[in-house]
Every structure is written in structure tokens, then in C-alpha cells.
Amino acid sequence: MEKWNQSSSDFILLGLLPQNQTGLLLMMLIILVFFLALFGNSAMIHLIRVDPRLHTPMYFLLSQLSLMDLMYISTTVPKMAFNFLSGQKNISFLGCGVQSFFFLTMAGSEGLLLASMAYDRFVAICHPLHYPIRMSKIMCLKMIIGSWILGSINSLAHSIYALHIPYCHSRSINHFFCDVPAMLPLACMDTWVYEYMVFVSTSLFLLLPFLGITASYGRVLFAVFHMRSKEGKKKAFTTCSTHLTVVTFYYAPFVYTYLRPRSLRSPTEDKILTVFYTILTPMLNPIIYSLRNKEVLGAMTRVLGTFSSMKP
């Protein structure tokens, strides 16, 4: 089979939804979720920026999570919605590489950031006297920068590899965005080495942080059960349960999707699972953190009160 010119040919994204009334209704729902995610995460970033009481390591990390979620959902949904509503399915070769890069950067960086947030709660609850030293502004900044840099390096390696694979079987990617594992079946070469790289990368950026988070919260829950103060126990449990909810929504479908061998995966199942961590989680994160957090609710009240008092 003759190879197609990868420098000038477009890929075709087969998409997530059927081109019918049901598909249109679901697309409208996804667009609504997209705007809710934009509003919620933007509001969270603004709230943390303007309220001095939220200028703590935990909330600085949370503002970065909101920024990542903003970029995360913006990487996939606008192109998917445009292709569905316009009836087009193509994406340029370079556009596919750029989309893949940003998606993988956000995926890796967010996994590391969630682990940093778990460590922050571990130190705050289990070693409160050491908290100002272990979670200083410098340490918090190092965690944030490290998450972005490591996520970007990992993503760059995967994206460059994907752009240099000789494609000849087809140009049709059975997904709603340029997910590199979904592109591998189109390659003219044996990709077992890269599939091994995906396994190693997923283990380093998702599985190990997940195990670290589990260990951190295991210690946290042990400490919480031995607290004498009922109020302190309730506050600690609420904070931890909030974080664990976010972690479960993010990690469970991601790890299940990427750690399985290709022979056990199906494109339809992969696309459905991907919806959880690319579309639903960015929308749910600000809701979970705001509605279940008294400090955030208090900041919202103060900011809205200030805004109201400024009106003539």
C-alpha cells in the first residue's frame, strides 16, 4: 500500500457522536458543559487571585488545577464541536500534532499536580508544625513549575514520535481528537516499542502519582481518626474527601484506558472513558471545590459583596 504524504495530508477525526438529532442534542450538552467549565475555572482562578485569605499553597495549587482544566477542555471540545456542526471531519497534520501536544501536557501535568495537592494535605494534617517549612512559597512554586515542565517534556517526546510515524493504512482516526494511541493502528510500521513507551509514561505520570496520593491519604485518614477535636476531624475529612473525589474522576478512567494492552481495548469504549477526564472532570472540579469548601464559599461571598457595594 502506498504511503500518503504526511506533510500535506489531513487526518480525519471520526468523532464521538452520530450525525443525527440525538447526536446534536448530546453535542449541545457537551457545549453547555464546556461553557460551564470555562466559567467555573475562570471564576476559581479570579477568586483565588483577588482574595488574600486564599493566598495559601493549597489554593495556589488549586488555581493551577483550574488553569490546566481550562486548557484541557479547550484542547478538544472546540474542534470537536466545530467539526460536528460544520459537517467536516478533517484536522491538519500540524494541527493534530499541536492538539496532541497540549492534551498530553495537560494530562501529565495535572496528574503530577494532583499528587502535589495530596502531599500538601498530608503535611497540613499529619505535620502541621512543619507545614510552613515543607510547603513554603518556594516549594509550592517548584511543585507547580515542575509539573508543567515534566508534563511538557513527556508530551513533546510523544508528539514528535507521532509526527514521524509513517502512516499509510488510513487517515481516519477513530476518536474525537488526536489521541496518539488511536493513531497507532494507522501506522505502516510495528509500534510495539512506542506502546511500551506509553505504558512506562502512564506508569510514571499517572500510576506512581496515584499510588503516592493513596499513600498520603492513607496516612491522613489514620491521623484524622485519632484527632480529638470533632470540628477538626470534620474539616479534615471534608477537605480530603473533596480531593479524593477529584482524583477518582480523573485517574480511574485514564489509568484503565492507557494501561490496558491494545488487544483488550475498543475504540468506542476508549472514547466514552475519555469523556470523563477531558470533558466532565474540568467542569466538575470547580463545582466540587467550591460547594464543599467553606473558605471558597466565604471568599465568593466577600467578592460578591465587594462587587455589589461598588454598584451606584
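Author: Helices (H or I, at least four residues) and strands (E, at least two) are DSSP runs, numbered from the N terminus. Over residues 140-161 the chain is 100% helix and 0% strand, with the end C-alpha atoms 32 Å apart. Residues 236-252 are likewise 100% helix and 0% strand, and their end C-alpha atoms are 23 Å apart. Both stretches are among those that the unreviewed UniProt entry annotates as "transmembrane region"; UniProt positions are given in the numbering used here, feature names are shortened, and annotations may be inferred rather than shown by experiment.

The model is predicted: local features need pLDDT of at least 70, side-chain atom pairs count only at pLDDT 80 or more, and totals for chains, interfaces and linings use all residues. Residues are numbered from 1 along each chain as its sequence is written, and side-chain values use heavy atoms, leaving out hydrogens and water.

Rings of Phe, Tyr and Trp (its six-membered ring) pair if their centres lie within 6.5 Å; planes under 30 degrees apart count as stacked, over 60 as edge-to-face and the rest as tilted. By this rule there are 12 aromatic pairs. One of them joins Phe 34 and Phe 35 edge-to-face, at 5.4 Å between centres and 70 degrees between planes. The pair of Tyr 72 and Phe 103 is tilted, because the centres are 5.7 Å apart and the planes stand at 50 degrees. Tyr 72 lies in helix H2 (residues 57-86) and Phe 103 in helix H3 (residues 93-126), so this pair ties together parts 31 residues apart in sequence. Ring pairs also link Tyr 72 and Phe 103 into a cluster with Phe 176, Phe 177, Phe 210, Tyr 250 and Tyr 251.
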